[in-house]
Amino acid sequence: MAYKITDECISCGACEPDCPNQAITEGDTQYDIDPDRCTECIGSYESSRCADLCPVDSCVPDPAHEETKEQLLEKWRKLHSGEEPAAGTY
Ligand code: SF4
Ligand code: SF4
């Protein structure tokens, strides 16, 4: 499932440059994740980069976006046309 950013976000910006899908953007009061671009880092990393980097644990799975690993990998393929997913990430 796609991740979301909670209200605890302190807008430090640490997560944004490391998202492999450019899913994270700076909003008016906090950073946001575009669920159409978030693959839980499937295809790129073995764990979710934003969650690993966030100093206040505000990057969390969003139950409103239930998806299977297969759906997340398909999303990744659409975002990375012509590339192959990294081994061990899906
Ligand atoms: S889980 Fe990965 S793909 Fe999703 S927003 Fe975080 S860094 Fe980006
Ligand atoms: S790393 Fe965490 S606190 Fe910093 S901008 Fe991202 S979600 Fe917000």
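These legends accompany close-up views of the cavities and salt bridges in a predicted model.

**View 1. The largest cavity and the residues around it.**
Welcome inside: searching the whole structure turns up two cavities of 30 Å³ or more, and this view shows the largest, with about 90 Å³ of space. Its lining comprises 16 residues. Nearest the centre of this cavity are Cys19, Pro20, Cys38, Cys41 and Cys50. Sorted by class, the lining of the largest cavity has 10 nonpolar, three polar and three charged residues.

**View 2. The second largest cavity, with about 80 Å³ of space.**
Here 14 residues form the lining, and those closest to the centre of the second largest cavity are Cys9, Cys12, Cys15, Cys54 and Ser58. How many residues of each class line this second largest cavity? Its lining has 11 nonpolar residues, three polar ones and no charged residues.

**View 3. A salt bridge between Asp18 and Arg49.**
Now for the charged pairs: the model has three salt bridges. In this one, the side chains of Asp18 and Arg49 meet at 2.5 Å, N to O.

**View 4. A salt bridge between Lys75 and Glu67.**
The side chains of this pair meet at 2.8 Å, N to O. Is Lys75 buried or exposed? Lys75 has a relative accessible area of 12%, and because buried means under 20%, Lys75 counts as buried.

**View 5. A salt bridge between Arg77 and Glu84.**
Side chains of opposite charge can pair when their charged atoms come close. In this view, the side chains of Arg77 and Glu84 meet at 3.8 Å, N to O, and because a salt bridge needs the nitrogen within 4 Å of the carboxyl oxygen, the pair qualifies. Arg77 is partly exposed, with a relative accessible area of 34%. Glu84 has a relative accessible area of 62%, and since exposed means over 50%, Glu84 counts as exposed.

Conventions:
Residues numbered from 1 in each chain as written. Chains lettered and ligands numbered in written order. Predicted model: local features only at pLDDT ≥ 70, side-chain atom pairs only at ≥ 80, totals over all residues. Heavy atoms only, no water. 1 Å grid on protein atoms, 1.4 Å probe; cavity = no way out; pocket = protein on both sides within 12 Å on 5 of 7 lines; lining within 4 Å. Points joined across faces, edges and corners; volume = space filled by probe spheres on them. Nonpolar A, V, L, I, M, F, W, Y, C, P; charged D, E, K, R; others polar. Buried < 20%, exposed > 50% of the residue type's maximum accessible area, 1.4 Å probe, protein only.
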